[in-house]
Amino acid sequence: MRIKILTLFPEMFDGFLTNSIIKRALAKNLVQIEIINIRDYTKDKYGRVDSTPVGGGAGLIMKCQPIIDCLNAHKVKESHIVLLSPRGTQYSQQKAHELLKNYKELIFICGHYEGIDERVNKYIDEQISIGDYILTGGEIASMAISDSIIRLIDGAIASESVKEESFEDQLLEYPQFTEPTEYNGDKIPDILYSGNHQAIEKWRKKESLRLTRQYRPDLFSKYTLTKQDKKLLDEIDNNEDNPKWLLQALEKGKKFIK
């Protein structure tokens, strides 16, 4: 996967490229990322890349010439060109998988100021939005999308981690814990110490269902429930905190429970 990001502020990406999963993915040559300065392509004699809106209005608009010339200098036949824009389709985990699967090279165009010249839209393949709110520019959005794609590349992180993350099956991730076993009176659930992996998986699924229905009803409404899911939801609705299957697992694993 190759990712090219066209921006007026390449320095914003210094930390992004030199930390955590992104840094490791680059070191392993799992992904190539190129940060390209749109300012390098302006033909304005004063070096400007923006100007006031024709017809009046507040703020500044990015000129089409530097963006289009920058794009033409770096795109190749397999490039998929994305403008980060509030007009775009709202980004999702499904879209992350789609972009990784379908394209060898992604080019992200980061707008700034009050927006970009409308004529740039003729040169793009699609528009993507990361949410219904306003950012100063597309740089943060390009980082968010790039990060979400890179972590899906084989070898970037453990495959088990990807499978169990929120949104991978349209549910929020189950609660996670680490030592100490008890802190300020709050204990890690005994089932997680039982050693019964089947029961642990069932408990985690139940908690994912509970959390998604409570916090993200929009996601929950799109999720197709299995027979087991319905039984687990019945337990939740009937306040069955210790159903038979859970008690049996705890009894069998009590020697491991702290």
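The exercises below treat salt bridges and then a pocket.

The model is predicted: local features need pLDDT of at least 70, side-chain atom pairs count only at pLDDT 80 or more, and totals for chains, interfaces and linings use all residues. Residues are numbered from 1 along each chain as its sequence is written, and side-chain values use heavy atoms, with hydrogens and water left out.

**Exercise 1.** State how many salt bridges the structure holds, and describe the one between Arg-2 and Glu-78.

*Solution.* 
Step 1. A salt bridge is a side-chain nitrogen of Lys or Arg within 4 Å of a carboxyl oxygen of Asp or Glu. The structure holds 15 of them.
Step 2. In the pair Arg-2 and Glu-78, the closest N and O atoms are 2.8 Å apart.
Step 3. Arg-2 belongs to strand β1 (residues 2-7) and Glu-78 to the loop between α3 (64-74) and β5 (79-90), so the bridge ties together parts that are 76 residues apart in sequence. Helices (H or I, at least four residues) and strands (E, at least two) are DSSP runs, numbered from the N terminus.
Step 4. Arg-2 is partly exposed at 25% relative accessible area, and Glu-78 is partly exposed at 35%. Buried means under 20%, exposed over 50%, and partly exposed in between (1.4 Å probe, protein chains only).

**Exercise 2.** Determine where Lys-95 and Glu-98 lie, and whether each is buried or partly exposed.

*Solution.* 
Step 1. Both residues lie in helix α4 (residues 93-102), 3 residues apart, which is about one turn of the helix.
Step 2. Lys-95 is buried at 14% relative accessibility, whereas Glu-98 is partly exposed at 30%.
Step 3. Elsewhere, salt bridges with shared partners join Arg-2, Lys-4, Glu-78 and Glu-105 into one network.

**Exercise 3.** Describe the largest pocket and its lining.

*Solution.* 
Step 1. On a 1 Å grid over the protein atoms alone, a pocket is an open set of points where a 1.4 Å probe fits, with protein on both sides within 12 Å along at least five of seven lines; lining residues have an atom within 4 Å of a point.
Step 2. The largest pocket has about 590 Å³ of space.
Step 3. Of its 25 lining residues, Leu-84, Ser-85, Pro-86, Gly-115 and Leu-135 are the closest to its centre.
Step 4. Strand β5 gives the most to this lining, with 5 residues.

Note on methods
Points joined across faces, edges and corners; volume = space filled by probe spheres on them. Nonpolar A, V, L, I, M, F, W, Y, C, P; charged D, E, K, R; others polar.
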